[in-house]
Structure formats: structure tokens, C-alpha cells
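User: Hi! Could you walk me through this one? I'd like to start with how some of the strands pair up.

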Amino acid sequence: AQSEGARTSPDLLWPVPDGRLWRGFGPRRGFRRVRGRLSRTRRQHMHNGVDIGAAVGAPIVAVNDGLVVYSDNGMHGYGNAVLIVHPDGAVSMYAHCTETYVVAGRLVRRGEVIAAVGETGITHGPHLHFEYRSGGSLEDPLPLFVHIPERSRIRETASSATRAETLEEAPEAVESTTPNETAHDVEP
């Protein structure tokens, strides 16, 4: 049941107009820093969304019309986050925000500023962690985005496995450890 005036476009707006893609969706090896050296970890984990780097305070916009169902900082690791349910039942999540400008229960329009890029939660540098679920399942949002800044585009011919390797990795997306600590993959 769609609300009067609410619509769902088959494509998604790029959520940070001034943002640059740091890390894509899918199985990834994390980074760690041990004794000052940066290296990839051997263990792979699923990156459930895309990370879009931008300056602290850069605007984050709703990717489609929808109803805000969560705007708070109670989800471990995600910091300030916003969840929007769209008329087609899809859910978008915007995490690590420095501030959120919407409250649960509010209807938002496609392109409306809903939050600002930040470094809240478990993060290593200012960015938006964006997740998209359709039909209850995680989905890679990259093929759905429109108006992606040229510097964040990837080659159309790349396979999904190759595509993950061609994305620019965030230099800040590392976890520092001391010699006595165990290194862990970077999560959310």
C-alpha cells in the first residue's frame, strides 16, 4: 500500500552528492595496522553495503521517497544512523552520521537532506556506510545508483568479483593495533 504522493523509482540517488566511493559491497578482506605496518587480513568478511567518503558535515540525501523508521544511535558499531522504508518495501540505511535531521515517523522525499556525513560508531575516517535491502535481502546498491560522481564510477565491464578489487580502498579504513592486541577486520 503506497502512500498518496509517495513513489519508488527503480533507481537510487547517489546518497552523498560530494562523496567518493571508498569500498563496495560483497566479500572483502579487511586491513589492519600492526607495529606501524598496513596489511590486508587473511580472513574475509561480508561488507553489507558501500562506504562513501566525504568531509564531515557533507549532506546525505534520501535515495528514494519513504518513511523514516529509525533515527538514533542505538545500533552497535553504526553510530548515528537512519533507516528508511520505501513504498516498495525496500529499506535503506545511512550510518556513521555526525547528525541526523529526521525523526522516526517522518515521510521524506527523494533527494531530501536527512543527515550529515560523520565518524560516529566504529569507523576510521569520515564516510557514509550505506546498506540497501530489497525483499528482506541485502542487495548491492551500486548498479542501482544514478548521478554517481565521475570519480566514483567503475568500469561497466568489470565482473562483480573484479569490480570489488577495482574500487578505491579508503586509506583511513584501517584498524590500529598495538603489538599486544589482536588485529580484527574493519567492520561496518
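Analyst: Happy to! E10 and E12 pair in the antiparallel sense, over 2 bridges. Keep in mind that this is a predicted model.

User: Good to know. Which residue in E12 is the bridge partner of Glu-99?

Analyst: That would be Ala-116. Ala-116 in E12 also stands opposite Pro-59.

User: And how many bridges join E6 to E12?

Analyst: There are 3 bridges between E6 and E12, and the two run antiparallel.

User: Nice. Switching topic: which residues touch the most other members of the largest nonpolar core?

Analyst: Val-16, Ile-60, Ile-84, Tyr-94, Ile-114, Phe-130 and Phe-145 do, in a core of 28 residues. The elements giving two or more residues to this core are strands E5 (50–53), E8 (80–85), E9 (91–97), E12 (113–116) and E13 (127–134).

User: Which element gives the largest share?

Analyst: E13, with 3 residues. There is also another core lying apart from this one, with 5 residues, including Tyr-78, Ala-81, Leu-83 and Ala-95. As a general point, nonpolar side chains tend to be buried together in soluble globular proteins.

User: Why does Leu-67 count as partly exposed?

Analyst: Because its relative accessibility is 34%, and partly exposed covers the range between the 20% limit for buried and the 50% limit for exposed.

User: Last one, Asp-140. Where does Asp-140 lie, and is it buried or exposed?

Analyst: Asp-140 is in the loop between strand E14 (137–138) and strand E15 (145–146). Asp-140 counts as buried because its relative accessibility is 14%, and the cut-off for buried is under 20%.

User: What does the side chain of Asp-140 reach?

Analyst: The backbone nitrogen of Leu-142, at 3.0 Å. So for your notes on Asp-140, you have a buried residue at 14% relative accessibility, with a side chain that reaches the backbone of Leu-142.

Conventions: Residues numbered from 1 in each chain as written. Predicted model: local features only at pLDDT ≥ 70, side-chain atom pairs only at ≥ 80, totals over all residues. Heavy atoms only, no water. Core = buried A, V, L, I, M, F, W, Y, C linked by side-chain atoms within 4.5 Å. Buried < 20%, exposed > 50% of the residue type's maximum accessible area, 1.4 Å probe, protein only. Helix = DSSP H or I, 4+ residues; strand = E, 2+ residues; numbered from the N terminus. Polar contact = N/O pair within 3.5 Å; in protein donor to acceptor, adjacent residues only side chain to side chain. Pairing = 2+ DSSP bridges.
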